[in-house]
Amino acid sequence: MDEERAESPRPADPELHVPFELVEPAELCSPLVFSSPHSGAIYPASFLASSRLDISSLRRSEDAHVHELFALAPTLGAPLLKAHFPRAFLDLNREPYELDPRMFEEALPEFVNTRSLRVAAGLGTIPRVVADAREIYSGRLRVADALHRIDSLHKPYHAALRGLMERARRRFGVALLVDCHSMPSNVAKESVSGREKRKPDFVLGDRFGASCSSDVVDAIEARLRQWGYHVQRNRPYAGGYITEHYGKPGAGWHAVQIEISRNLYMNEADLRRGVDFDLLASRLGEIVRLLTQLVGPREQRAAAE
């Protein structure tokens with residue numbers, strides 16, 4: 001992992017000389033890998049200068065504090081990878097080259113995916129809009145700058161994440177990626193047994209069963225429901241590029257996306273931690289223990305047979 005990262009170009013913005021951080025456990029004893037790609041809060045000065053929005057508006061796309069919610073994972077034997085740059089600057093949950101041609105001064109290279117639904121919505125690898133559909137940039141960008149941003153941020157992060165998954169698969173016979181996110185509290189409601197619709201507290205995404213063993217997702221849902229949370233699966237979030245790319249159950253790679261309603265742990269207006277932050281972080285630590293017990297011992301035995 002270190003070798004791949006060293007070969008990548010340095011980020012152009014000095015604030016991002018360390019673009020992400022890997023928190024390793026003192027002892028690796030879990031096949032779990034945790035990723036927090038959208039909780040970064042370092043906004044480069046050049047980015048702020050190029051934006052028509054103030055930082056409070058830009059932060060509406062940020063999964064604030066999510067890496068802190070999962071901070072117990074390394075103490076329980078699993079690595080945690082977290083981005084330092086914000087989603088509004090570059091979105092790690094996209095293909096490397098999902099770009100909107102309307103954003104750039106020159107024509108994009110032919111290999112760029114300009115036709116995805118995410119690009120059409122303004123939410124490509126370099127987003128055109130923030131969460132409330134407001135345009136980010138005051139002018140057009142240079143293609144060379146965009147490609148450098150991808151080469152120096154997106155590719156090294158995914159090289160590190162891929163390395164963690166490969167290590168877990170080698171060590172334990174299986175790897176389980178937990179992709180950690182948050183969502184606004186006003187997302188789509190779901191009817192509950194024919195009664196009044198209720199907003200979800202959690203949305204679990206497994207690409208409708210394609211990216212992860214159902215035993216894993218069932219266990220997470222059951223434990224969350226025991227605590228009284230309302231849980232939805234795959235609607236409105238089935239998982240993005242990360243879940244799709246790393247979720248290969250046939251190869252021993254499982255991936256599940258967890259979306260947490262922001263009002264469970266923070267004030268959505270000012271992004272400050274709420275009074276229930278520590279309780280939720282403790283419960284997510286219990287989820288880590290549950291998954292380690294569910295996935296690790298069974299798969300290690302199977303690999304040894």
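Helices (H or I, at least four residues) and strands (E, at least two) are taken here as DSSP runs, numbered from the N terminus. The model is a predicted one, so local features need pLDDT of at least 70 and side-chain atom pairs count only at pLDDT 80 or more, while totals for chains, interfaces and linings use all residues. Residues are numbered from 1 along each chain as its sequence is written, and side-chain values use heavy atoms, with hydrogens and water left out.

His-65 isn't a glycine, yet its phi is positive, about 70 degrees. This histidine lies between helix H3 (55–58) and helix H4 (66–69), and is buried at 17% relative accessibility (buried is under 20% relative accessible area, exposed over 50%, partly exposed in between, with a 1.4 Å probe and protein chains only). Phe-208, also not a glycine, has a positive phi of about 55 degrees, but Phe-208 is exposed, at 53%.

Then there's the sheet. Strands of a sheet pair through backbone hydrogen bonds, either parallel or antiparallel; here, two strands count as paired if DSSP finds at least two bridges between them. Seven strands make an open sheet with mixed pairing, in the order S1-S3-S2-S4-S7-S5-S6. Strand S1 (20–23) and S6 are the edges, each pairing on one side only. S1 runs antiparallel to strand S3 (residues 80–83) over four bridges, with Val-23 opposite Leu-80 in S3.
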